[in-house]
Amino acid sequence: MTSTTLLESRLPTLNLVSKGKVRDIYTTSDRSVLLFVASDRISAYDVILKNGIPGKGKLLNKISAFWFEKLKDIIPNHVVTTDVAFMPEEIKAYSDQLEGRSMLVKKAKVIPLEAIVRGYITGSAWAEYKKSGTVHGMPMSSGLVESQKFPEPIFTPSTKAPEGQHDENISHKQAENLIGPELYAEISSTAIKLYTEASYYAESRGLILADTKFEFGLMEDGSGSRKLILIDELLTPDSSRYWPYDGYKPGVPQPSFDKQYVRDWLTSAGFKKGFESGPPGKEGEGWIIDDAIVEGTKKRYQEAVERLMG
């Protein structure tokens, strides 16, 4: 780890309650909030790579905060503050480590559903379509080509698997059975609204938002009932596919400003199912990203932030 790469947060006087692929989550003296810390870890195909991307956590935190603010009129979100100066005293002691990569958020009951919205056919959706003419089990028009825009954005839910396990695509009916039909209808319609608004803005900044993943939670609203809020990260290059608008051409893969670059490298380096712990012959040693891929990924994330935020 270099001095500019934070792979693990170290806040010994705080209670670490969760360590995800990217974020470390701590409790605070205020029982109604949590501290999110965005590390520089990066994952692909649910594999956390051994080395990270310098400054990535700060870029993700910045872009999430931007989108949470921009889309707050569609649905409330969990953000309290991203300014360490306004966080509880025990957090301020770690300001050097946390500045720019932390977020104080309201506690919420996480809904066990990944709310994925696709505006273009790419990635796993394209792979499924080539095989069966469907996307997420739904029949699609014949003759679609890779990277083509759908007539309307489509909602494709998946399970939110425990850490270390894989999310699984599920049908709309399965999703309704999982969380209830009313909540599912609210989430699916809200996710489409969020994607539509975000994609319009992205295009105005020279980017195509091909697809993205939202996560939602429930919060007590003071009257004994619960309201839906937006949680986790939002429209980052980790959770979304961003393509340059200039030069967009259906029928071929698109250059991207997201971690598809890392996925492609990992595949070319020999990764396949069964080798999550390391390359063939080096199982258990983990996967180390080549320096050129680290630098290329950093530049892509930086450009996405600069295009979106100016």
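## Aromatic pairs

Y45, F271 and W287 are joined into a cluster by ring pairs. Rings of Phe, Tyr and Trp (its six-membered ring) count as a pair if their centres lie within 6.5 Å; planes under 30 degrees apart are stacked, over 60 edge-to-face, and the rest tilted. The structure is a predicted model: local features need pLDDT of at least 70, side-chain atom pairs count only at pLDDT 80 or more, and totals for chains, interfaces and linings use all residues. Residues are numbered from 1 along each chain as its sequence is written, and side-chain values use heavy atoms, with hydrogens and water left out.

By the ring rule there are 10 aromatic pairs. One of them is formed by F66 and Y201, with ring centres 5.7 Å apart and planes at 45°, so this pair is tilted. F66 belongs to helix α1 (residues 56–70) and Y201 to helix α6 (residues 181–204), so that distant parts of the chain, 135 residues apart, are linked. Helices (H or I, at least four residues) and strands (E, at least two) are DSSP runs, numbered from the N terminus. Y201 is buried at a relative accessible area of 18%; buried means under 20% relative accessible area, exposed over 50%, and partly exposed in between (1.4 Å probe, protein chains only).

The pair of Y120 and W243 is edge-to-face, at 5.5 Å centre to centre and 70° between the planes. Because Y120 lies in strand β9 (residues 113–120) and W243 in strand β16 (residues 240–244), the pair ties together parts that are 123 residues apart in sequence. Y120 and W243 are both buried.

## A charge over a ring

R300 sits over the face of Y261, at 3.6 Å from the ring centre. The criterion is that NZ of Lys or CZ of Arg is within 6 Å of the ring centre and within 35 degrees of the ring normal.

## Overall form

The chain has eight helices and 16 strands. Its radius of gyration is 19 Å, close to the 19 Å that the globule rule gives for 310 residues, so the chain is as compact as a globular protein of that length. The radius is taken over C-alpha atoms, and the rule is 2.2 Å times the number of residues to the power 0.38. The C-alpha trace spans about 60 × 55 × 40 Å along its principal axes.

Of the 310 residues, 49% count as buried. Among contacts (heavy atoms within 4.5 Å) with a separation of 6 or more, residues 24 or more positions apart account for 65%. The accessible surface is about 15000 Å², of which 51% belongs to carbon and sulfur atoms. These areas come from the Shrake-Rupley method with a 1.4 Å probe; for residues, only the protein chains shown count as cover.

## Nonpolar cores

In soluble globular proteins, nonpolar side chains tend to be buried together. A nonpolar core is a set of buried Ala, Val, Leu, Ile, Met, Phe, Trp, Tyr and Cys residues joined through side-chain atoms within 4.5 Å. The largest such core has 64 residues, and those with the most contacts inside it are L49, W67, I111, I187, F214, F216 and L235. Helix α6 gives the most to this core, with nine residues. A second, separate core of 12 residues includes V33, L35, M87 and L104.

S188 is also found in helix α6 and is buried, with a relative accessible area of 16%. The C-alpha atoms of S188 and D258 are 24 Å apart in space, while the two residues are 70 apart in sequence.

## The loop between β15 and β16

Most residues other than glycine have a negative phi. D232, in the loop between β15 (226–231) and β16, has a positive phi of about 65° although it is not a glycine. L235 lies in the loop between β15 and β16, and its phi is also positive, near 55°.

L235 counts as buried, at 0% relative accessibility. Leaving aside neighbours within four places in sequence, its contacts are I63, W67, L71, A198, L209, T212, F214, S240 and Y242.

In helix α7 (residues 260–268) the buried residues are Q260, V262, R263, W265 and L266. They pack against β4 (43–44), β16 and α8 (291–309). G270 follows α7 and has a positive phi, near 110°.

T28 is in the loop between β2 (23–27) and β3 (33–38) and is buried, with a relative accessible area of 13%. Not counting residues up to four places away in sequence, T28 touches V33, L34, L35, P88, E90, I91 and L104.
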